[in-house]
Amino acid sequence: MSIPISWYLILSAALFSIGLFGVLARKNAIAILLGIELMLNAVNINLVAFWRYGKGSIAGQVFAIIVFAVAAAEVAVGLALIISVYRRRSTVIADDLDLLKW
Amino acid sequence: MTPDQIIFLLCAALIVSSALMVVTTRNLVHAALWLVAALFGVAILFGLLQAGFLALVQVVIYIGAIAVLFIFAVMLTRREMRDKGPQVNQNWGIGAVLALLTFGGLAYILSSWDGFSSTAKAIPLGTDSLMMLGKALVSPDAFVLPFEVASILLLAALVGAVFIASASKD
């Protein structure tokens, strides 16, 4: 293992920023969820890297597994919401869903 | 350059370029497929970090379930809007600046940490990290409560997703 931890941290910071750009800039609600997936993966890289470079505690891997479960739940509910919205309003553009806007 | 470093750099190039394609490509089915490529690169990184079980879980859950779910959702919701017009909203410039600032800030804070360039010690011979993980997930003095909360969350999400997306409601 000759890779310094900085490589993993910088890579995950870059992945997180790309996902953040996707969440902020995309119009399509499904594309926004894709950006969230990228951000969750960046978090997982960090967790596993800190587990490997840490002092023998397994907590990093446990937390990564919890993140997997939360990501699966979030995608299931999010896509169900998007499909339901599409059925009623025939759009998945996030800007058009302004029913609750004053 | 050791082989580990070369593998890492190839993986990092794959992940970053696929992630950029995910957020910039116009066709959403292609975006979902680029997401699969990025997730696969992350799985290779988990293998490089000697977390083989997590690499497997990444392939099975993320690529096998979540990415396929995305592709289904894209196909269920696109009609005529799919490739017309701009795919980014009018605030994309601010979004790009914010993302760059986030990256710069994270890199600055991380580089001021004194363990920044530490390397990993070899895992001692005879430690079974998969066994440790399994025991930690069900041991009462470790992580059994978060584990059960996660399972309840998954059950609630399952019921909620079926209820929200079911067609014959009203």
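Visitor: Is A:Gly78 buried or exposed?
Guide: A:Gly78 is buried, since 21 other C-beta atoms lie within 10 Å; the cut-offs are 20 or more other C-beta atoms within 10 Å of a residue's own for buried, 12 or fewer for exposed, and partly exposed in between, with C-beta atoms placed from the backbone. This is a predicted model, in which local features need pLDDT of at least 70 and side-chain atom pairs count only at pLDDT 80 or more, while totals for chains, interfaces and linings use all residues. Residues are numbered from 1 along each chain as its sequence is written, and chains are lettered from A and ligands numbered from 1 in the order in which they are written.

Visitor: Which element holds A:Gly78?
Guide: A:Gly78 sits in helix H3 of chain A, where helices (H or I, at least four residues) and strands (E, at least two) are DSSP runs numbered from the N terminus.

Visitor: And how far is A:Gly78 from A:Leu33?
Guide: The two are 45 residues apart in sequence, and their C-alpha atoms are 7.6 Å apart in space.

Visitor: At what angle do H2 and H3 of chain A cross?
Guide: Helix H2 (residues 29-53) of chain A and helix H3 (residues 59-89) of chain A cross at roughly 175°, and their axes come within 9 Å. That makes H2(A) roughly antiparallel to H3(A). Here axes are lines fitted to C-alpha atoms, for helices over the stretch in contact, and angles run from 0 to 180 degrees between N-to-C directions; under 35 degrees counts as roughly parallel, over 145 as roughly antiparallel, 65 to 115 as roughly perpendicular and the rest as oblique.

Visitor: Which residues of H2(A) and H3(A) meet?
Guide: Among them are A:Leu33, A:Leu40 and A:Trp51 in H2(A), and A:Val67, A:Gly78 and A:Ile82 in H3(A), where a contact requires C-beta atoms, placed from the backbone, to lie within 7 Å. The residues of this contact divide into 16 nonpolar, four polar and one charged; Ala, Val, Leu, Ile, Met, Phe, Trp, Tyr, Cys and Pro count as nonpolar, Asp, Glu, Lys and Arg as charged, and the others, Gly among them, as polar.

Visitor: Zooming out, how many helices does chain A have?
Guide: Chain A has three helices and zero strands. Its radius of gyration is 17 Å, well over the 13 Å that the globule rule gives for 102 residues, so chain A is more spread out than a compact globule; the radius is taken over C-alpha atoms, and the rule is 2.2 Å times the number of residues to the power 0.38. Along the principal axes, the C-alpha atoms of chain A fill a box of roughly 55 × 25 × 25 Å, and 55% of the 102 residues count as buried.

Visitor: What about chain B, how many helices there?
Guide: Chain B comes to six helices and zero strands. The radius of gyration of chain B is 21 Å, well over the 15 Å given by the globule rule for 170 residues, so chain B too is more spread out than a compact globule. Its C-alpha atoms fill a box of roughly 60 × 40 × 30 Å along the principal axes, and 25% of the 170 residues count as buried.

Visitor: Which domains are assigned in chain B?
Guide: The assignment, which is automatic or from a database, gives domain 1 (1-85) and domain 2 (126-170), and the C-alpha centres of these two domains lie 23 Å apart.

Visitor: How many residues of chain B are in contact with chain A?
Guide: There are 71 residues of chain B in contact with 59 residues of chain A. Helices H1 (3-24), H2 (28-48), H3 (52-77), H4 (92-111), H5 (129-138) and H6 (144-165) of chain B each supply at least two residues of the side that touches chain A, and that side has 56 nonpolar, 14 polar and one charged residues.

Visitor: How do H1(A) and H1(B) lie, parallel or antiparallel?
Guide: H1(A) and H1(B) are roughly parallel to each other, as their axes come within 9 Å and cross at roughly 10°. The residues that meet include A:Trp7 and A:Phe21 in H1(A), with B:Phe8 and B:Val23 in H1(B).

Conventions:
Two residues are in contact if their C-beta atoms, placed from the backbone, lie within 7 Å.
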